[in-house]
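Please read them with the structure open.

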Amino acid sequence: IFSIYLLKMTMEGEIFDGYTAQQVFSQGTCQTYDDVIFHPGHICFGAHEVDLRSNVTRKIQLRTPIVSSPMDTVTEAELAIAMATLGGMGFIHYNNTTEEQVDHVKKVKSYKKGYVVNPTVLGPEDTVGKLDSIKAVRGLSSACITDTGALGGKLLGVVTNRDVEFVNDAKTKLVEVMTTDVVTIPESASSESILELLKSKKKGKLPVVDEEGRLVGLATRKYFLEGLNLPNPGEPSLDSQGRLLVGAAVGTREGDKVRVAQLVAAGVDAIILDSSQGDSLFQINMIKFIKEKHPNLQIIAGNVVTGAQAKRLIDAGADGLRVGMGSGSICTTQEVCAVGRGQATAVYHVSRVANQLGVPIIADGGIQNSGHITKALALGASAVMCGSLFAGTTEAPGEYTMYNGQKVKRYRGMGSLEAMAKGSESRYLSDTQNLKIAQGVSGIVKDKGSVRKTVPFMAQAVKQGFQDMGVKDMKMAREWLYSGEMKMETRTSAAQAEGNVHDMVAFEKKPW
């Protein structure tokens with residue numbers, strides 16, 4: 001019968017080749033990104049013509065539909081700044097105190113190209129020994145000295161290797177050896193003038209001060225030199241005032257209402273209601289409260305994995321949704337709690353509902369490579385959220401250490417006991433419980449370099465994936481997905497193995 005059907009279709013000028021997303025994801029089996037493969041389409045345009053612009057909320061559009069996860073080993077000010085300068089966006093994690101989180105948002109909003117986000121700042125009473133210990137960890141060659149020992153204090157001087165290389169007494173105070181005749185840059189200086197000053201003064205670093213002489217940043221020659229060897233970052237993600245876009249994660253407890261108000265005052269553009277299972281009365285009530293008190297603030301709710309969950313949160317007023325449950329590399333929710341969904345299936349089914357209601361979704365979790373990003377976007381996501389891909393990058397929080405001769409950084413799930421001890425237990429609705437159940441693990445990941453290199457190459461790879469599928473932009477991908485024009489199939493384990501590198505004695509896999 002099937003042969004007769006194929007013959008009939010061929011005679012009528014049609015060829016049965018592949019399946020629609022509706023057919024693939026309606027079989028009672030959930031699929032991950034690796035389980036599905038898209039069929040190529042007809043190419044009639046260049047990869048450079050592919051437009052990936054997409055909304056992460058009803059009102060926020062990104063040129064690069066990639067955002068960083070609000071995890072305490074992934075996103076703080078430095079990574080959020082880097083993501084926004086590349087056309088994406090970063091979300092500051094919830095394990096900060098309110099004051100710390102607000103400070104990170106302010107750093108992003110006040111950022112100027114060429115600044116060190118977290119310069120090393122010490123006080124005049126600190127010792128050479130303390131400086132040496134910091135140098136051993138961070139590999140720095142200098143420190144700014146302020147009256148408060150912190151950014152925002154009045155600049156007193158700087159200490160470089162030349163100031164301390166002949167000092168033998170580790171207890172020597174920095175006020176005794178620091179250089180006080182310091183060339184500074186005014187806070188109002190443009191990126192172009194900063195570069196020219198660094199060139200003319202032949203300095204590697206110059207402190208940036210406000211009108212009252214308070215340290216507000218550190219400009220470096222290294223930033224501009226590195227930029228010469230990095231891909232063009234393209235247009236940054238900016239708000240209506242020309243400042244970088246930034247988001248932040250919050251909970252649904254009473255105290256989070258105050259946190260939201262302070263984040264709004266700091267200039268945050270969007271907040272994520274951070275929960276592993278977002279279909280709750282707590283989120284619905286929080287959405288309604290925020291919409292009443294801060295009507296212009298964009299709210300991303302979740303996480304969800306079904307259309308029914310999505311509709312409840314959208315009906316409550318959500319401007320965007322985070323999709324995924326238990327698909328992250330450090331997440332054990334599916335194993336521990338027996339709930340969740342394969343990420344490809346979740347993205348498709350939630351997007352079907354959300355897109356009909358005009359709300360974009362963010363595919364959160366399970367992203368291991370550019371092919372997964374392409375699949376997530378083609379299955380209906382407006383953006384992807386990455387955690388493990390950005391953990392271990394230069395801009396991620398934490399210091400590098402050595403493990404078996406390899407440079408590594410810490411990476412942990414927000415459901416790990418370690419992260420819960422710092423405050424993330426409310427994300428798993430367990431902050432009121434005596435017994436804490438881990439839904440994540442802690443570990444280390446290798447050094448991945450800078451996202452300033454990673455993200456542009458990933459975005460270009462996605463453009464080439466869209467080109468191979470024959471779709472020119474996100475709108476076209478959406479139309480093909482729901483009309484059935486976009487064809488795909490599931491892959492056996494053998495097909496997956498064949499689609500990767502195989503039959504090699506040795507090889508080095510360089511994605512770019």
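Predicted model: local features only at pLDDT ≥ 70, side-chain atom pairs only at ≥ 80, totals over all residues.

1. Look at helix 7, which spans residues 191–201. Ser191, Ile194 and Leu198 are buried there. They sit on the same side of helix 7, because they cover an arc of only 60° around the axis.

2. Next, see what these buried residues face. They pack against helix 8 (221–227) and several strands. The strands are strand 6 (115–116), strand 10 (185–186), strand 11 (205–209) and strand 12.

3. Check the residue that follows helix 7. Lys202 comes after the helix, and its phi is positive, near 55°.

4. Move to Thr220, in strand 12 (residues 215–220). Is Thr220 buried or exposed? Its relative accessibility is 7%, so Thr220 counts as buried; the cut-off for buried is under 20%.

5. Leaving out residues up to four places away in sequence, Thr220 touches Gly114, Val116, Leu198, Gly204 and Lys205. Among them is Leu198, one of the buried residues of helix 7. The side chain of Thr220 also reaches the backbone nitrogen of Tyr223, at 3.3 Å.

6. Val501, Met504 and Phe507 make a nonpolar patch of about 290 Å². Phe507 lies in the segment after helix 18 (493–498). With a relative accessible area of 47%, Phe507 is partly exposed, because exposed requires over 50% and buried under 20%.

Note on methods
Residues numbered from 1 in each chain as written. Heavy atoms only, no water. Patch = residues over 30% accessible without salt bridge, like charges linked within 9 Å, V, L, I, M, F, W, Y side chains within 5 Å. Areas by Shrake-Rupley, 256 points an atom, 1.4 Å probe, with all protein chains shown as cover. Salt bridge = Lys/Arg side-chain N within 4 Å of Asp/Glu carboxyl O. Helix = DSSP H or I, 4+ residues; strand = E, 2+ residues; numbered from the N terminus. Buried < 20%, exposed > 50% of the residue type's maximum accessible area, 1.4 Å probe, protein only. Polar contact = N/O pair within 3.5 Å; in protein donor to acceptor, adjacent residues only side chain to side chain. Contact = heavy atoms within 4.5 Å. Arc of directions from axis to C-beta.
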